[in-house]
Amino acid sequence: MAQLKSIKKWFWWHRWTSLICTLFLLMLCITGLPLVFGDEIDGWLNPTHYADLPKDTPMANLDGMVKVAQTRYPKQLVTFIFVDDDEPQVLVNMAPTWNPVDPLRHSMQFDSRTGKLLNDEPPFSQQPRGFMGTMLDLHSGLFIDLPGELFLGLMGVLFVISIISGVVLYGPFMKKLDFGTIRGDKSRRLKWLDLHNLLGIATAVWLLVVGATGVMNELSTPLFGLWQVTDVKAMLSKYHGKPPVDQTKLSSIQAAFDTTRKTLPGMQVMSLVYPGEAFGSPYHYLIWTKGNTPLTSQLFSPVLVDAKTGKLAAVVKMPVYLRALELSRPLHFGNYGGTPLKIIWVLFDLVAIIVLISGVYLWVVRRKFYKNYFDRLTEAELNEPSPQTIAS
Amino acid sequence: MKQNFKKIWRIPVLLSALILFGLLAALLGTGIWYWLAWAAMLVPLFVICLKVWKPNSHVKENVIKN
C-alpha cells in the first residue's frame, strides 16, 4: 500500500505542476519553433548586401567608424560596439544618456572591412518589433521584460518538476506493458495515455535539459546584476570616489581592441562596452571575448582596459554561475551543432507540443479513468504479495 | 522484481543516454562528433515513429486488459 500512496503523491505533483505551466509551455514551444531558425529567418526577412571582398580582408579601423558615428551625432554617447563573427558587420551603438532604457538608443551598421556606414538605423524603440522580435519578446518575457522573465522562469521550474514526476510515474505505469505499447484499439484515452508516456519518456532528457537551461536563461538579468554588485564592485573598489571617465577623454578604442587581441591571442573580440554603460565599469572599456574551440566559443571572458591610458587592467575571471549561464545558452537554443541539430531541435519541440496537448486531454477526460487505474493498481498489489518476474 | 525493473527501464535509459551523448558531443567537438551527435539524437525520434506508426502487431499476453 505504501507504494500506491507514493504513486498517488507523485501523480498529484505531476498533475498540478503540469496544469499550471502547460498554457505557458505551449506558448514557449510554439514561439520557440521559429526562434530555432531565428538567424536564418532574420537574414531572409532583412537581407544585408555586403561588398564582395576576399574572405581574409582585414578589419577596418574601429576609431574611424566611431568618428563617423560621432560626427553624425555629436551630442550623443557611444554606449557599446558589437563586432559580429557571423557577418562582416560592426554595430556602433549610441544614446543621448546612459539610461539603459533611453528611448533614443540606436545603432549604426558598418561594413567591418571597409569601415563604411551601411545603415543608420532608427532608435530601437521606434522600430517595428518585426516577426522575430515579437517571437523573442513573447518567448523570453511575455513582452514585459524582467517580471515576465522571472514568471516564465517559475513556469520552467514547474515544468522541470512535472518532467521528473512524470519519469517517476513511468515505472509503475509500465509494469505490465512493453516499451512503446500503444493500445490503439482499446479506447481513445488509453491511446493518448500510451502516446503521452512514450513521447515523454523517449524525449525526457531533452525536455529536462531545455527546460532547466531555459530557467537559467530567464535568470540572466539577476545573475549579471549579482555579479555587478559583488565581483565587479570588488574589482573596481580601488577606483572608488574617482570621477567616471569623460567620453571626450577616452583612449583609442582600436588600441584597446589590439591590446586585447595581443593579450589573449586565442580569443575573439565580440563587443566593447564604453565606460558608463550599465553592466560595465565607469573607468574602463569592458571588452567581451570568446574562445575559438567549440566549447570555449560558448564561454566569454571579459577584459578591462583602462579607458584613459589604454593599458590592460585585468582579465576578469567569471564566477561559476555565469559560466553555467553561458553554457545554458547553446543547450537551450540548439544553435551549436549545425543545421541538422536545429532541425532535430524543431522535431523534439514538436514532440514536446504533443506531450503537452495529450497531457491536457488526459486531464480533461480524467475522473473515471484514473479511478479505474488506481483500482487496478490496488488490485494488482493485493494479488501479488511476493516479488515476481514477468515472463517475456 | 529486478528483472521487471530492467525490462521497463532498458530502452528509456538507452534513449536518454543517446540524447545526452548527442547534446554533449555537438558541444564539445566538431566534424565527426557533429555527425555522431545528429545520429544519436535521431534515434529516439526514429523509435517514436516506429512505435506510433507500427504499433505492436503481436501484443504480448502480459498486456493488461482494460
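Modeller: Happy to! Let us start with D120(A) and R72(A), whose side chains meet in a salt bridge with 2.9 Å from N to O. By salt bridge I mean a side-chain nitrogen of Lys or Arg within 4 Å of a carboxyl oxygen of Asp or Glu. This pair links distant parts of the chain, as D120(A) is in strand β4 (residues 117-120) of chain A and R72(A) is in helix α3 (residues 62-72) of chain A, 48 residues apart. Helices (H or I, at least four residues) and strands (E, at least two) are DSSP runs, numbered from the N terminus.

Before going on, a word on the model: it is predicted, so local features need pLDDT of at least 70 and side-chain atom pairs count only at pLDDT 80 or more, while totals for chains, interfaces and linings use all residues. Residues are numbered from 1 along each chain as its sequence is written, chains are lettered from A and ligands numbered from 1 in the order in which they are written, and side-chain values use heavy atoms, leaving out hydrogens and water.

Back to our pair: D120(A) is partly exposed at 23% relative accessibility, and R72(A) is partly exposed at 47%. Here buried means under 20% relative accessible area, exposed means over 50%, and partly exposed is in between (1.4 Å probe, protein chains only).

Over all chains, the structure holds 9 salt bridges. Another of them joins R129(A) to D137(A), with the closest N and O atoms 3.0 Å apart. R129(A) is partly exposed at 48% relative accessibility, and D137(A) is partly exposed at 26%.

R323(A) and E326(A) also meet in a salt bridge, at 2.8 Å from N to O. These two are 3 residues apart in helix α10 (residues 320-333) of chain A, so about one helical turn separates them. R323(A) is partly exposed, with a relative accessible area of 25%, whereas E326(A) is buried at 2%.

Now for the surface. A nonpolar patch there has about 900 Å² of accessible area together, and its residues include W10(A), W16(A), I20(A), L154(A) and V168(A). The elements giving two or more residues to this patch are α1 (2-36) and α5 (145-173) of chain A. Patches are made of residues with over 30% relative accessible area and no salt bridge, joining like charges within 9 Å and nonpolar side chains (Val, Leu, Ile, Met, Phe, Trp, Tyr) within 5 Å.

Note on methods
Accessible areas come from the Shrake-Rupley method with a 1.4 Å probe; for residues, only the protein chains shown count as cover.
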